[in-house]
Amino acid sequence: MDAPAPAAPNVRRAALAFIFVTVLVDVMAFGLIIPVLPHLLKKVTGGEIADATLWHGLFATGFMAMQFIASPVQGALSDRFGRRPVILISNAGLAIDFLIMALAETLPLLFIARLLSGATSASFSTANAYIADVTPPEKRSAAFGRLGMAFGIGFTVSPVMGAWLGAVDL
């Protein structure tokens with residue numbers, strides 16, 4: 001009889017948990033702002049819904065364009081410098097973005113912060129590569145499934161949290 005395979009080292013479990021939380025936070029960077037941004041933009045642009053709607057479209061386009069540009073860049077940087085440093089820098093940039101968004105009172109500063117959010121939350125490719133690097137082939141599909149779960153939870157829960165927090169204080 002074959003002996004059971006040894007359990008994954010704690011380092012690997014911790015790394016997988018960290019990647020799970022990273023993907024969750026990256027998706028939350030997108031979802032938390034969805035219910036809040038229209039009201040925030042209406043307030044910042046002087047209360048005109050037409051102006052706020054235009055800016056909301058520009059903010060969403062800017063965020064997605066930065067994701068489109070930054071994801072392969074982060075992937076290439078992670079190939080050259082390592083997955084961990086790129087993910088840590090991405091997380092630090094996202095934290096700085098959250099701080100700027102919380103304190104910004106002008107439209108240009110909010111827009112710059114949203115572009116920064118798009119660029120720094122584009123670490124999905126690096127997170128996937130990290131999972132592939134540290135997970136044995138026979139456990140890889142389960143690990144990618146957990147990563148998909150983090151994405152799904154963040155995408156589902158974060159707009160609800162954003163609406164709740166937006167009701168507390170814009």
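UniProt, in an unreviewed entry, lists "transmembrane region" at residues 14–34, 54–73, 85–104, 110–131 and 143–167; such annotations may be inferred rather than shown by experiment. This is a predicted model, where local features need pLDDT of at least 70, side-chain atom pairs count only at pLDDT 80 or more, and totals for chains, interfaces and linings use all residues. Numbering runs from 1 along each chain as its sequence is written, and side-chain values use heavy atoms, with hydrogens and water left out.

Take two of those spans. Residues 85–104 are 95% helix and 0% strand, with end C-alpha atoms 28 Å apart. For residues 143–167 the figures are 100% helix, 0% strand and 36 Å. Helices here are DSSP runs (H or I, at least four residues), numbered from the N terminus.

Now for the packing. The axes of helix H3 (residues 49–81) and helix H4 (residues 83–103) come within 7 Å and cross at roughly 135°; axes are lines fitted to C-alpha atoms over the stretch in contact, and angles run from 0 to 180 degrees between N-to-C directions. That makes H3 oblique to H4, oblique being whatever is left after under 35 degrees (roughly parallel), over 145 (roughly antiparallel) and 65 to 115 (roughly perpendicular). Gln74 and Ser78 are among the H3 residues making this contact, and Arg83 and Ser90 are among those from H4. Contact means heavy atoms within 4.5 Å.

H3 also meets H6: their axes come within 7 Å and cross at roughly 35°. Gln67, Ser71, Gln74, Gly75 and Ser78 of H3 touch Phe124, Ser125 and Thr126 of H6. By class, that contact has one nonpolar, seven polar and no charged residues.

Is Ser123 buried or exposed? Ser123 is buried, since its relative accessible area is 1% and the cut-off for buried is under 20%. Beyond residues up to four places away in sequence, Ser123 touches Thr22, Asp26, Gln74 and Ser90.

What about the nonpolar side? Ile131 contacts Leu16, Ile19, Ala143, Phe144 and Leu147, leaving aside neighbours within four places in sequence.

Note on methods: Buried means under 20% relative accessible area, exposed over 50%, partly exposed in between (1.4 Å probe, protein chains only). Helices (H or I, at least four residues) and strands (E, at least two) are DSSP runs, numbered from the N terminus. Ala, Val, Leu, Ile, Met, Phe, Trp, Tyr, Cys and Pro count as nonpolar, Asp, Glu, Lys and Arg as charged, and the others, Gly among them, as polar.
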